[in-house]
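Subject: the structure, plus some notes

Hi,

Here is the structure I promised to send over. Have a look at it first, and then read on for what turned up.

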Amino acid sequence: MKDTPANTAPALTFTPTRAAGLERLEAFLPRAGRAYADGRNHDLPGHPHVSSMSPWLAHRAITEAEMAGRILDRFGPATAEKMLSEIVWRAYFKGWLERRPSTWTDYKRGLKGARDRLATSSGLRRAWEEACGGTTGIAPFDDWAAELVNTGYLHNHARMWFASIWMHTLRLPWELGADFFLRHLLDGDAASNTLSWRWVAGLHTKGRPYPARASNIAKFTGDRYDARDLGHRLTPSGEIEALDGPPHPDPQAVPDDVPLPSGRIGLLLHEDDLHPDYLLARGLEPAGTAAFIAPAGRSPLTIASHVTHFTTALAQNAVSRADAQGPVTTDGEEIAAWAKDFDHIVTPYAPTGWLRDALDDLPLQTHRPLRDWDAAAWPQATAGFFKVKKKIPDILDTIPSDCGH
């Protein structure tokens, strides 16, 4: 079934400013309680049941603490439990990957191997091109591919269905699918993207893949698609097969927080954290502010122009609010030249991912204080989400008073 006038809605737009993110958050707040819990799994045109805040949250132009604080201004923790859990889930994935950085390295290695196979297998390359181009003949999958390419966004439920069909129906390497997402998602995040694909594959929760069932897709898309057989590879018991992979590495220690240095300080924002509220609250008075971005680090392939534009403009918007404005750049040498005017450079802690890789390659030393939100959540990210969920009250206690709550 295709959209009819009764179930169409304008595509979401994402304006790359903090003000636009705050406006989106205010519009969502009345629906952040029971309405979100009841409707969050429904992938409907215009995405009326979810916050669509992820492009701002991924870059921390709006922080998780801010969003949670504003929700708690309106609802009690029990009423907003589902929404608060989703916000904290971001911290769980970031902490899990931060404590197992070899999983990110393994993903990049696996992507290189899959891309090498594209060069030698014409059948694989054709199937990959059809999947990326939305020409597989599987109607919901093709529509989601087009939505992702055109808007830079997908509903979370659609992302899981898409990943399941990519791996379990089309039999494509999961790393190529994760790369496709990172090249197009405005909210592309190394931890959430990598671990979500591994979760659907049955690699994160070992042996438990996520099935994209046709009846489920029909139910939660307002019957836009009929309940066809998606062609999953099934086990003898009628379940889809989990992908095979090595055991999880043991978790490393949580990174230590560091004190602010004294002297003339340059504040270096970056695309993973564009709102230095916690640093200013600790007494930082920067003599200059710049931003370092590295959107090309998401993939060895071409990054969608809307991703580069959104990242660049959001970083420029963040620096524009500073008193002494420095460059917003992808050029490490330009950042190093700017940094010479200061005694020390302070930058928000960057978790494992492509931006961290690029930041580590900069020809300068930086001080990287840790957010209280992350310091409260990451020690619990040793296995599944349940341990983190039990600590949600403690994580919420780190919300600054000026964030609401």
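Let me start with the aromatics: ring pairs join F141, F162, W166, F180, F181 and W197 into a cluster. Rings of Phe, Tyr and Trp (its six-membered ring) pair if their centres lie within 6.5 Å; planes under 30 degrees apart are called stacked, over 60 edge-to-face, and the rest tilted. Before going further, please keep in mind that this is a predicted model: local features need pLDDT of at least 70, side-chain atom pairs count only at pLDDT 80 or more, and totals for chains, interfaces and linings use all residues. Residues are numbered from 1 along each chain as its sequence is written, and side-chain values use heavy atoms, with hydrogens and water left out.

Searching the whole structure gives 25 aromatic pairs. In one of them, F162 and F181 have ring centres 5.4 Å apart and planes at 35 degrees, so this pair is tilted. It connects distant parts of the chain, since F162 sits in helix α9 and F181 in helix α10 (residues 174-184), 19 residues apart. (Helices are DSSP runs of H or I with at least four residues, strands are runs of E with at least two, and both are numbered from the N terminus.) F162 counts as buried at 0% relative accessibility, and F181 is buried too, with a relative accessible area of 3%. Here buried means under 20% relative accessible area, exposed over 50%, and partly exposed in between, using a 1.4 Å probe and protein chains only.

F181 also pairs with W197: the centres are 5.2 Å apart and the planes at 80 degrees, so that pair is edge-to-face. With F181 in helix α10 and W197 in helix α11, the pair ties together parts that are 16 residues apart in sequence. W197 is buried, as is F181.

Next, the largest pocket, which holds about 1,200 Å³ of space. A pocket, on a 1 Å grid over the protein atoms alone, is an open set of points where a 1.4 Å probe fits, with protein on both sides within 12 Å along at least five of seven lines; lining residues have an atom within 4 Å of a point. The volume is the space filled by probe spheres set on the points, which are joined across faces, edges and corners. There are 44 lining residues, and Y36, R40, E86, W89 and N156 lie nearest the centre. α5 gives the most to the lining, with nine residues.

Of its 405 residues, 54% count as buried, and the C-alpha trace spans about 65 × 50 × 40 Å along the principal axes.

S52, in the loop between α2 (34-39) and α3, has a phi near 55 degrees, a positive value in a residue other than glycine. R60, in the loop between α3 and α4 (64-74), has a positive phi of about 50 degrees and is not a glycine either. S52 is buried at 4% relative accessible area, and R60 counts as buried at 4% relative accessibility.

Cheers
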